[in-house]
Amino acid sequence: MKNVYSIVLSSDVVDKIDRLAYERGTNRSNMINQILAEYVSYTTPEKRFQEIFRHMQDMFEGSAFKTLEPSDTMFSLRSALAYKYNPTVRYSVELYRTDGEEIGELRVSLRTQNAGLVLYMTQFYRLWNKIEQSYRGDVACRIADGKYSRKLILKGADNESCGADVGQVIAAYIDAFDRALKTFFYHLETPSKAAAGVEEVYRRYIFENQVLI
């Protein structure tokens with residue numbers, strides 16, 4: 001919860017805060033909030049998000065993914081798809097500041113006007129969701145206009161897990177999703193192999209990770 005407070009600051013101090021905020025990709029209010037939180041030894045949601053995103057960047061270091069500079073609550077990365085013109089799949093993770101079972105949301109999109117490609121992506125999303133539901137029950141997701149979004153809920157750990165742990169859990173899911181997507185496109189001409197390959201990737205993800213989302 002955030003409230004509005006009126007404080008008086010030196011213009012020189014504000015200049016330095018603005019410069020620091022610009023360097024860190026945030027705004028003045030959030031920068032002041034972070035500085036004061038550090039001074040009183042309080043971990044803000046933004047600070048925790050930074051830790052999660054930093055660990056995700058480390059996890060994807062040297063991989064086929066290209067990570068983008070994160071914002072206060074959003075982390076994005078891209079992965080090339082072996083299809084005509086090598087389109088790029090964008091993964092965006094938004095973390096929520098509010099307390100609750102849902103810690104955030106994953107969004108997957110592909111910038112394209114190719115109707116055939118959109119159809120294939122939609123088929124994959126539906127297959128992935130069907131497999132998830134068969135292994136884990138109902139999963140809150142949305143599929144529309146060639147895009148996929150899914151709520152992130154930690155299974156097997158509480159929401160107070162450290163940022164490194166949460167970052168690893170989210171990164172593992174994105175990695176499995178991307179490997180399954182590429183497996184699906186590799187077997188486009190044989191739907192049965194595509195479905196079996198995607199399920200095998202998901203089964204391996206379940207087997208290798210104690211904490212799921």
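In the hairpin formed by β3 and β4, six residues lie between the strands, and Gly100 among them adopts a positive phi near 155°. Helices (H or I, at least four residues) and strands (E, at least two) are DSSP runs numbered from the N terminus. The structure is a predicted model, in which local features need pLDDT of at least 70 and side-chain atom pairs count only at pLDDT 80 or more, whereas totals for chains, interfaces and linings use all residues. Residues are numbered from 1 along each chain as its sequence is written, and side-chain values use heavy atoms, with hydrogens and water left out.

Leu95 has Gly104 of β4 as its bridge partner. β1 is joined to β2 by two bridges in an antiparallel arrangement, with Thr67 partnered by Leu77 of β2.

The largest nonpolar core comprises 49 residues, of which Tyr91, Trp128, Ile170 and Ile174 touch the most other members. Such a core is a set of buried Ala, Val, Leu, Ile, Met, Phe, Trp, Tyr and Cys residues joined through side-chain atoms within 4.5 Å, where buried means under 20% relative accessible area (1.4 Å probe, protein chains only). Elements supplying at least two residues each include β3 (88-95), α4 (115-136) and α5 (163-186); α5 gives the most, with 13 residues. Beyond its neighbours within four places in sequence, Tyr91 is in contact (heavy atoms within 4.5 Å) with residues including Phe75, Leu106, Ile174 and Phe177.

The second largest pocket has a volume of about 240 Å³. A pocket is an open set of points on a 1 Å grid over the protein atoms alone, where a 1.4 Å probe fits, with protein on both sides within 12 Å along at least five of seven lines; lining residues have an atom within 4 Å of a point. The lining includes Arg24, Gln50, Arg54, Glu69 and Asp72, and α3 gives the most to it, with four residues.

Technical notes
Buried < 20%, exposed > 50% of the residue type's maximum accessible area, 1.4 Å probe, protein only. Points joined across faces, edges and corners; volume = space filled by probe spheres on them. Pairing = 2+ DSSP bridges.
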